[in-house]
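Subject: Structure for you to look at

Hi,

Here is the structure I promised to pass on. Please open it alongside this note. My findings follow below.

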Amino acid sequence: MLANVIFWIAAVIAVAMAVTVVAAKRPMHAVVALVANFVMLGVLFLLLHAEFLAIIEVIVYAGAVVVLFLFVVALLLTGVSAPREDEGPKLLAQTPLAIILGAAILCLAGFAVAINLTLGPTPGVPEAFGSITLFGEELFTTYLLPFELTALVLLVAVIGVVFLARERH
Amino acid sequence: MTIPLVDFLGLSAILFAIGAVGVLVRKNPLIMFMSVEIMWNAVNLTFAAFARHWVNMAGHIFVFIVVTVAAAEVAIGLIIVVFVFRQRERLDVDELSSMKG
Amino acid sequence: MTYTILTLLLPAVGAVVAAVFGPQLSRRAISWVNVGTVGAAFVLSAVAFFQIGAMPAAGRQVDVGLFTWSALGSAPLHLGLLLDPISIIFMLIITGVGGLIHLYSVGYMARDDGYSRFFSYMNLFILAMLLLVMSDNFFGLLVGWAGVGLTSYLLIGFWYFKPSAVAAAKKAFVVNVVGDVGMTLAIFILFWNLGSVSYVGVFSHIASLPRGTIELVAFLLFVGAAAKSAQFPLHVWLPDAMEGPTPVSALIHAATMVTAGVYLIVRAFPIYNHAPVATAWIGGIAALTTFMAATIAIAQNDIKRILAYSTVSQLGYMFMAVSTASYAAGVFHFVTHAFFKALLFLAAGSVIHALADEQDIWQMGGLRRMLPITSLTFLAATLAISGVPLFSGFFSKDEILGNLLTQGHVLMWAVGTVTAGLTAYYMFRLYFVVFQGTYRGTAHPHESPRVMTIPLVVLGVLAVVGGYLALPGVYNLVDSWLAPALGRFGGSAVALAPNWGSMAVSVGLAGLGIGTAWVIYGRRAPASEPLSGPLFSFLQNKWYIDELGELIFVRPVLWLGRLMEAFDRGALDRLVTGIGEWVMAWGESLRPSETGFVRRYALSIILGAVALVAYLAIWG
């Protein structure tokens with residue numbers, strides 16, 4: 001019962017914040033809304049017995065990625081002004097098409113769920129499900145290779161950043 | 001009573017659609033980036049929901065990887081955005097049309 | 001007798017050395033090398049001559065096997081050299097007269113820039129010609145055949161910066177190719193029917209073929225011979241070939257290459273003994289050629305052209321002889337003709353050289369006093385070619401004419417005899433206009449250097465005494481030398497008795513010719529051509545044969561070529577570029593999708609993804 005209530009509250013706030021991000025005039029507003037969105041998602045993860053994921057969501061996403069965005073928005077692009085939507089080159093029918101696509105996505109999702117999903121009742125879960133122990137077990141045995149590759153991706157990203165941000169004479 | 005799966009899927013779809021529309025409609029590169037983040041998060045939600053439904057940790061692993069890659073991508077992407085728009089007047093991706101043709 | 005391979009190797013080495021090291025070697029070095037190789041080849045040929053001569057008559061053919069060119073299946077191709085009386089005579093003339101001409105060229109080409117190139121080509125020619133006469137099979141013959149054609153082309157067009165020379169070289173080669181086609185077809189037919197190309201293999205079984213096939217082969221071989229030996233109508237290249245340096249004209253277009261056709265027919269006598277129809281045609285064409293060329297020579301004004309047509313005419317005599325199975329007589333005339341014709345050309349070259357490249361006889365005159373040696377040797381050769389008794393030409397030409405009459409070929413005999421008179425006439429016309437009278441030109445003529453006059457003298461002596469190889473009614477060394485070779489494969493070399501009546505008539509007509517020439521050109525010593533009239537200009541224009549050929553052959557081919565070119569450009573090129581342009585048009589039509597706007601691209605990505613998912617969800 002409580003879970004349902006929390007779910008609905010978190011869901012509404014998440015959607016509202018998402019809309020704010022998309023529609024905000026000033027980037028700073030969008031960043032703040034994004035943080036809120038991420039936190040709500042963390043709550044939702046908790047509702048899904050994905051504790052480790054929730055932690056990660058908050059620490060990595062809300063903690064690091066958003067901070068990066070903040071840096072750029074607040075400090076690095078100070079000389080550049082945000083665009084006005086009615087200025088600049090006009091893309092023909094972009095917005096209407098986008099809205100149509102968004103609606104299409106929603107319809108598809110609903111349709112797919114309605115037609116294809118034979119959902120049984122959600123089973124109960126063992127106590128350890130979603131815990132970091134279980135997660136670690138899976139990660140380092142069955143999914144060892146993807147894990148290593150992910151490390152490689154991060155390495156490449158680090159190298160890329162260092163290179164791109166080097167001092168030029 | 002546990003929350004039904006469809007609720008999560010529905011929420012996920014709505015978030016994904018919002019993100020998609022955001023990417024297409026906004027001209028500020030930073031906002032576009034954030035919209036993409038929203039899309040990623042929607043997908044993460046789907047994975048976690050199904051992991052819960054089928055009691056399979058694989059979904060969590062996938063979320064983990066998506067988060068990692070998204071983080072790396074944001075890092076690089078933001079640097080590029082900074083470089084490209086440093087000398088410009090306006091944060092408008094539509095002004096970057098030199099690859100036309 | 002394997003040392004005879006050296007006769008081929010030495011000129012080959014000479015050609016390569018002159019070609020590769022020519023620019024670095026001194027003129028002296030090249031002279032020594034390239035003249036030396038031919039001289040050494042002559043010595044070797046002489047040794048072979050004595051060695052063959054010492055053998056008993058029946059055994060006088062030695063086959064020096066060289067190598068197996070291909071050992072495929074049913075017909076392995078063994079190549080080798082055949083040393084028999086026929087090939088030895090030709091070898092001696094080729095290397096002997098060739099050597100003298102090489103020596104002469106040292107002086108004649110002394111001031112030319114392409115000195116080493118010249119000698120390289122000349123040695124190459126000797127190599128090819130020797131290969132032609134020494135092979136023991138039709139394949140080697142064909143290789144040599146092609147080789148002399150090539151070197152003839154190279155040497156006619158030696159001064160490649162002269163458009164007329166280049167055109168003449170092309171003309172020679174094109175006409176030659178016509179003959180080559182005939183030759184090759186004949187060899188194909190022989191191989192197809194008899195499974196062999198070696199002389200032994202072919203000649204021993206030739207009688208087993210149906211008559212029609214033999215006639216066809218004989219005719220096709222003659223096509224090749226006619227092209228190479230400038231018989232009607234394939235004679236048109238020889239006068240133009242005078243564009244080449246005079247030693248080239250002497251060696252290739254007088255003494256040796258043009259006689260390759262005669263060699264071919266003599267060598268293939270077993271075939272011709274069984275082909276009466278073909279030999280009749282050969283005789284007819286030869287008679288026509290002899291007469292025609294002589295009439296044209298009467299009206300020419302270029303010293304070399306007169307000699308060129310004279311060569312064509314004399315070759316006709318040789319063909320008339322071999323077409324009536326007087327092979328030995330034909331070979332005899334080949335020998336004497338080599339002597340006096342080479343001499344005539346070399347002497348003419350001496351004149352041209354002395355007059356700074358003047359070739360018009362009406363710009364000459366009175367050279368008897370200024371070029372004594374040249375003049376004397378030229379006179380000796382003129383007497384020889386005119387068939388004046390006791391000179392070499394008399395013996396050989398009269399043997400031919402006598403045999404014709406004795407065998408009953410009255411028409412050929414009549415043509416030949418009349419032509420003998422014409423020959424005497426135009427040759428003495430040439431002599432009187434050039435050497436008699438007073439000098440009409442503007443140069444300062446002086447006698448040529450010794451390196452040029454020595455060959456002249458040697459050839460002069462040979463032109464006089466060369467005829468004593470056969471004394472009618474007494475002995476005939478040529479006949480007896482060739483008899484063992486001509487008697488094989490079912491042939492018979494029966495020497496005919498001399499025909500005194502024919503001899504009397506021909507000597508008489510010769511005298512008439514000389515006398516007429518004396519009256520018109522000698523006594524009165526005109527300063528320009530006194531004769532004229534429609535007949536004269538018909539002769540001067542070479543019976544308009546070249547013009548006819550232009551009309552019948554050249555124009556249609558050019559028209560066809562232009563048609564093809566238009567088709568190629570209009571249709572094929574358009575097709576090819578059209579395809580390219582079509583592809584490019586497609587690319588251009590797709591270009592507008594590259595807007596350069598990121599958001600647009602994102603739109604298309606999402607659109608595609610949605611479409612895909614929709615498809616999978618609804619119909620998947």
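**Ser396(C) and its surroundings**

Leaving aside neighbours within four places in sequence, Ser396(C) touches Phe332(C), His333(C) and Thr336(C). Ser396(C) itself sits in helix α18 of chain C, residues 392-407. Is Ser396(C) buried or exposed? Its relative accessible area is 0%. The cut-off for buried is under 20%, so Ser396(C) counts as buried.

**Confidence**

Keep in mind that this is a predicted model. The predictor gives the complex an ipTM of 0.90. The pTM is 0.68. For chain C, the average pLDDT is 87. In that chain, 99% of the residues score at least 70.

**Chain A with chain B**

How many residues of chain A are in contact with chain B? The count is 88 residues of chain A, against 72 residues of chain B. Together the two chains bury about 7,000 Å². Carbon and sulfur atoms account for 79% of that area. Salt bridges between chain A and chain B number zero. Two residue pairs are in polar contact across this interface, both at pLDDT 80 or more.

**Chain B with chain C**

Here 14 residues of chain B are in contact with nine residues of chain C. The pair buries about 1,000 Å², with 62% of it on carbon and sulfur atoms. The salt-bridge count between chain B and chain C is zero. The rule finds two residue pairs in polar contact across this interface, both at pLDDT 80 or more.

Which helix gives the largest share of the chain B side? Helix α1 of chain B (residues 5-25) does, with four residues. By class, the side of chain B that touches chain C has eight nonpolar, two polar and four charged residues.

Best wishes

Note on methods:
Residues numbered from 1 in each chain as written. Chains lettered and ligands numbered in written order. Predicted model: local features only at pLDDT ≥ 70, side-chain atom pairs only at ≥ 80, totals over all residues. Heavy atoms only, no water. pLDDT = per-residue confidence, 0-100. Contact = heavy atoms within 4.5 Å. Buried area = accessible area lost by both parts, 1.4 Å probe. Salt bridge = Lys/Arg side-chain N within 4 Å of Asp/Glu carboxyl O. Polar contact = N/O pair within 3.5 Å; in protein donor to acceptor, adjacent residues only side chain to side chain. Helix = DSSP H or I, 4+ residues; strand = E, 2+ residues; numbered from the N terminus. Buried < 20%, exposed > 50% of the residue type's maximum accessible area, 1.4 Å probe, protein only. Nonpolar A, V, L, I, M, F, W, Y, C, P; charged D, E, K, R; others polar.
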